[in-house]
Amino acid sequence: MKMDSWSVKICKALGHPVRYTIVQYLTDGPRCVCELNDDVGFSQSNLSQHLRILKEAGLVRSEKDGLKIFYQLTCPEISALLGSIERVTACCLKELQTND
């Protein structure tokens with residue numbers, strides 16, 4: 001897959017509010033699926049689907065420890081990406097308010 005196609009895949013994975021929230025939680029470090037389930041408030045199967053999409057995009061990886069599965073971000077740049085998205089969002093919202 002070409003780099004620009006992969007970038008689109010990453011953006012699409014982050015484009016869902018639940019997946020974006022999951023990634024935000026993981027910026028603090030690895031989390032067990034049970035913790036994420038409590039934080040996000042979705043069924044285990046729904047959460048698993050979102051985690052699978054994030055994993056397929058290369059944003060998270062999992063590690064099994066006994067009966068628990070822990071997820072973590074694959075690289076620290078993902079935290080910086082979220083910060084950039086938040087700054088761009090603030091800038092865009094400000095621009096939209098100025099044009100009203």
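This is a predicted model: local features need pLDDT of at least 70, side-chain atom pairs count only at pLDDT 80 or more; totals for chains, interfaces and linings use all residues.
## Helix α3

Helix α3 spans residues 33-40. Three of its residues, V33, L36 and V40, are buried. They sit on the same side of α3, because they cover an arc of only 60 degrees around the axis.

Three strands form an open sheet. Their order is β1-β3-β2, and the pairing is antiparallel. Which strands stand at the edges? They are β1 and β2 (60-65). Each has a single partner strand, so one side of each has no neighbour in the sheet.

Strands β2 and β3 run antiparallel and are joined by six bridges. V60 stands opposite L73, a residue of β3.

## The cysteines

A disulfide is a covalent bond between the sulfur atoms of two cysteines. How many disulfides does the structure hold? The count is zero.

Take C91. The closest cysteine sulfur to its own belongs to C92, 5.6 Å away. A disulfide needs the two sulfur atoms within 2.5 Å. The sulfur atoms of C91 and C92 are therefore too far apart for a bond.

Are C32 and C91 buried or exposed? C32 is buried, because its relative accessible area is 4%, under the 20% limit. C91 counts as exposed, with 52% relative accessibility, which is over the 50% limit.

Terms used
Residues are numbered from 1 along each chain as its sequence is written. Side-chain values use heavy atoms; hydrogens and water are left out. Buried means under 20% relative accessible area, exposed over 50%, partly exposed in between (1.4 Å probe, protein chains only). Helices (H or I, at least four residues) and strands (E, at least two) are DSSP runs, numbered from the N terminus. The arc is that of the directions from the helix axis to the C-beta atoms. Two strands pair if DSSP finds at least two bridges between them.
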